[in-house]
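Hi,

Here is the structure I promised to pass on to you.

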Amino acid sequence: MCRHLAYVGPAEPLGRLLVEPPHGLYRQAWAPRHQRYGTVNADGFGVGWYADEDPVAARYRRAGPMWADPSFADLARVVRSTALLAAVRDATVPGADQEAAAAPFAAGAWLFSHNGAVQGWPGSLAPLTPTLPAVDLLSMEARNDSAFVWALVLARLRAGDEPGQALADTVLEVAEAAPGSRLNLLLTDGATITATTWGDTLWYLRRAGGGTVVASEPYDDDPHWQEVHDRTLLAASRADVLLTPLKEPSGALAYAPRKEPST
């Protein structure tokens, strides 16, 4: 369920990454090619991006499917950015939160998305609520599992954790509390991309013209797309991608790089 994508690199129109590719996120809303759970991502969508000299990300989110919003096609055609994070949503369970439940979730420069589901939500994660400041719980954008996972990640970022540490520790914490959860997380600050694979698909592409794309599935048939192994932490910049294995909750997290692609 859900598909997401992040990009950092030279300025591009949003539509060149999301709408124009033959299997872009726009098409993945109704015809994903590698989705393991669910078939259609029509329960909302969102895109966040960055304007020049403004570190706070802008967002456009809607409760309906991407293909049914002609205003988004116009927006995506003319808005350019050096970084974005976008997602199309297949809701785990119906809810009343509408577009507030659609990623990306945001705080300052951070944009976040969760592709997956928390087993036993909400009861399985109830024991974790005391780890969050009360104000964070009361200000959650939506009442779903992804918004709560974002609250856990954001608390770690605000405490000073590096993005990779924040995602890896959150995955470990949630996986311990809710075994069988799928926790593909995606995070950007406009300069870097950090992601995890935990139960679903993830790919990355270092574009010939510069820039890096990280996505649930390839948006075209470029042979340079690389699939990321399950249980991996990915850290990407415009020019580099670093992959680090994640271990199961019973063991310690490993941080020795497994693979660092050449340029």
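**Two cis prolines, and then the rest**

Let's start with Pro122, which lies in the loop between E6 and H4. Helices (H or I, at least four residues) and strands (E, at least two) are DSSP runs, numbered from the N terminus. The peptide bond that joins Trp121 and Pro122 is cis, with omega about 5°. A cis bond also joins Ala103 and Pro104, where omega is about 10°; Pro104 sits in the loop between strand E4 (80–88) and E5.

Before going on, please note that this is a predicted model: local features need pLDDT of at least 70, side-chain atom pairs count only at pLDDT 80 or more, and totals for chains, interfaces and linings use all residues. Residues are numbered from 1 along each chain as its sequence is written, and side-chain values use heavy atoms, with hydrogens and water left out.

Now for the inside. A nonpolar core is a set of buried Ala, Val, Leu, Ile, Met, Phe, Trp, Tyr and Cys residues joined through side-chain atoms within 4.5 Å. Buried means under 20% relative accessible area, exposed over 50%, and partly exposed in between (1.4 Å probe, protein chains only). Which residues touch the most other members of the largest nonpolar core? They are Phe112, Trp150 and Val153, in a core of 33 residues. Strand E5 (105–107), helix H5 (145–158), helix H6 (163–177) and strand E7 (182–188) each supply at least two residues of this core, and H5 gives the most, with nine. Apart from this core lies another, of 24 residues, including Trp49 and Phe72.

Since 12 of its 14 residues are buried, H5 is largely enclosed by the rest of the structure. After H5 comes Gly160, with a positive phi near 105°.

H6 is mostly covered too, with 11 of its 15 residues buried. Its end C-alpha atoms are 21 Å apart, which agrees with the 21 Å that 15 residues should span at 1.5 Å a residue (the expected span is 1.5 Å times one less than the number of residues). Val174 is in H6 and is buried, with a relative accessible area of 0%. Among the contacts of Val174, leaving aside neighbours within four places in sequence, are Val149 and Leu152.

H5 also matters for the second largest pocket, as six residues of its lining, the largest share, come from H5. On a 1 Å grid over the protein atoms alone, a pocket is an open set of points where a 1.4 Å probe fits, with protein on both sides within 12 Å along at least five of seven lines; lining residues have an atom within 4 Å of a point. Of the 13 lining residues, Asp136, Ser139, Met140, Trp150 and Leu154 lie nearest the centre of this pocket.

Glu53 has a positive phi of about 60° although it is not a glycine, and it is exposed, with a relative accessible area of 84%. Arg231, also not a glycine, has a positive phi near 60°, but counts as partly exposed at 22% relative accessibility.

Enjoy exploring!

How values were computed:
Contact = heavy atoms within 4.5 Å.
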